[in-house]
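This report goes through one protein model, from strand pairing to helix packing. Look at the structure first, then read on.

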Amino acid sequence: MLCQRTLAGVARTSGIGLHSGSEVHLGLHPAPADSGIRFRRSDLRPARDIPARADRVAGTRLCTTLGSGDQQVATVEHLLAALAGLGIDNAVVEVSAAEVPIMDGSAAPFVELIRQAGIVEQPAAKRCLRVLREVAVTDGDKSAAFVPFEGFHVSFTIAFEQPVFRGRAARFERDLSRAAFSAELSAARTFGFVHEVEYLRAGGLARGGSFDNAVLVDDYRILNPEGLRFQDEFVRHKALDAVGDLYLLGYNLVGAFRAVKSGHTLNHAAVSRLLATPDAWEVVTFSDAETAPLSFERAAGAAPL
Ligand SMILES: [Zn+2]
């Protein structure tokens, strides 16, 4: 049986909130089978759990925000990508502020945190969402579509005009049920134009933004002294964001996601459209983990399964 997974223990870290610029404590906790991924604000009394589901999305500007009213958590996408990439079905994510810490701008520190906690299988069948027919959303020249596929295939295309993007791959595609999420995607950092960061700061956002947690570019150059981690780090990061946003389906996906110039808003629109089209998907379990179309890395250093 392909089983549900949770964490073997608790792992904690802390970092800067990208938008507030202040320190945020983060704790990952094990959770029972069938409980899903839930966020909890440890700074609020009483704290109401916020399920990581598409119908709990409160905003998609700059990042993906979950919750409602004063109970919100922003910048959930990189952590969700790490949880999706390692196939973690059930966990409680405790944060001490209204955003997940940005860490280095990628999902690699969250993969490391999950490794520290360890991964255990649970005696319950893992439920996956299998795409049965194509569902697409478009916005001008931007598009995002789910297509049937026996695996988890992601393709992402970016199309920036600025010279800094010239000569770099604008398209990334992988079957992530075959390739290692941690090696292929997790380390790709968020990026931004330096003039946009200055504009956001003037509006009270991105106060924590720096070379420590983003690749900053102007029209012509990469400004970070260390350069890029991948030649195609920009498009890889967009694919990473998509993996995180797609986990708000509430299941690991058996299917392909094809995006052109998409972002959090269109990713979320595609997820919502798919969920609202019941004849386009089904929830499936797999009696034999060996022949299941999805496989997950057993994080190095994890507790024996
Ligand atoms: Zn991102």
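H29 has V92 of β9 as its bridge partner. The model is a predicted one. Strand β9 covers residues 91–95, and five bridges join β9 to β3 in an antiparallel arrangement. In general, the strands of a sheet pair through backbone hydrogen bonds, either parallel or antiparallel.

β3 and β9 belong to an open sheet of five strands. The strand order is β2-β3-β9-β4-β5, and the pairing is mixed. At the edges are β2 and β5 (50–51), each of which pairs on one side only.

Helix α2 lies across β2 and β3, and runs at about 160° to β2. The helix spans residues 108–117, where A108, P109, F110, V111, I114 and A117 are buried.

What do the buried residues of α2 pack against? Their partners include the strands β1 (3–7), β2 (11–16), β3 (23–30) and β10 (119–125). The helices α1 (77–85) and α3 (181–184) are packed against them as well. Just after α2 comes G118, which has a positive phi of about 85°.

## Overall form

The secondary structure of the protein amounts to six helices and 19 strands. The radius of gyration is 18 Å, close to the 19 Å that the globule rule gives for 305 residues, so the protein is as compact as a globular protein of that length. Taken along the principal axes, the box filled by the C-alpha atoms is roughly 50 × 45 × 35 Å.

Of the 305 residues, 45% count as buried.

## Nonpolar cores

In soluble globular proteins, nonpolar side chains tend to be buried together. In this model the largest nonpolar core has 78 residues. Which residues have the most contacts inside it? They are L83, I114, V243 and L246. I114 is also one of the buried residues of α2.

Helix α5 (residues 233–246) gives this core its largest share, seven residues.

## Helices α5 and α6

Two packed helices are described by the angle between their axes and the distance between the axes. For α5 and helix α6 (residues 264–275), the axes come within 10 Å and cross at roughly 40°. The crossing is right-handed.

On the α5 side, the contact is made by D241, A242, D245 and L246. On the α6 side, H264, N267, H268 and V271 take part. L246 is also among the residues with the most contacts inside the largest core.

## Further strand pairs

Strand β14 (residues 152–157) pairs with strand β18 (residues 252–260) in the parallel sense, over six bridges. Within this pair, S155 has R258 of β18 as its bridge partner. β14 is also joined by five bridges to strand β15 (residues 171–175), and these two run antiparallel. Here T157 stands opposite R171 of β15.

Strand β12 (residues 135–139) and strand β13 (residues 142–147) run antiparallel and are joined by five bridges. D139 stands opposite K142 of β13. The two strands form a hairpin with two residues between them, and in the turn G140 has a positive phi of about 60°.

How values were computed. Residues numbered from 1 in each chain as written. Predicted model: local features only at pLDDT ≥ 70, side-chain atom pairs only at ≥ 80, totals over all residues. Buried ≥ 20, exposed ≤ 12 C-beta atoms within 10 Å, placed from the backbone. Helix = DSSP H or I, 4+ residues; strand = E, 2+ residues; numbered from the N terminus. Contact = placed C-beta atoms within 7 Å. Rg over C-alpha atoms; globule rule 2.2 N^0.38 Å. Pairing = 2+ DSSP bridges. Axes fitted to C-alpha atoms, helices over the stretch in contact; angles between N-to-C directions. Core = buried A, V, L, I, M, F, W, Y, C linked by C-beta atoms within 7 Å. Left-handed = near helix turned anticlockwise from the far one by under 90°.
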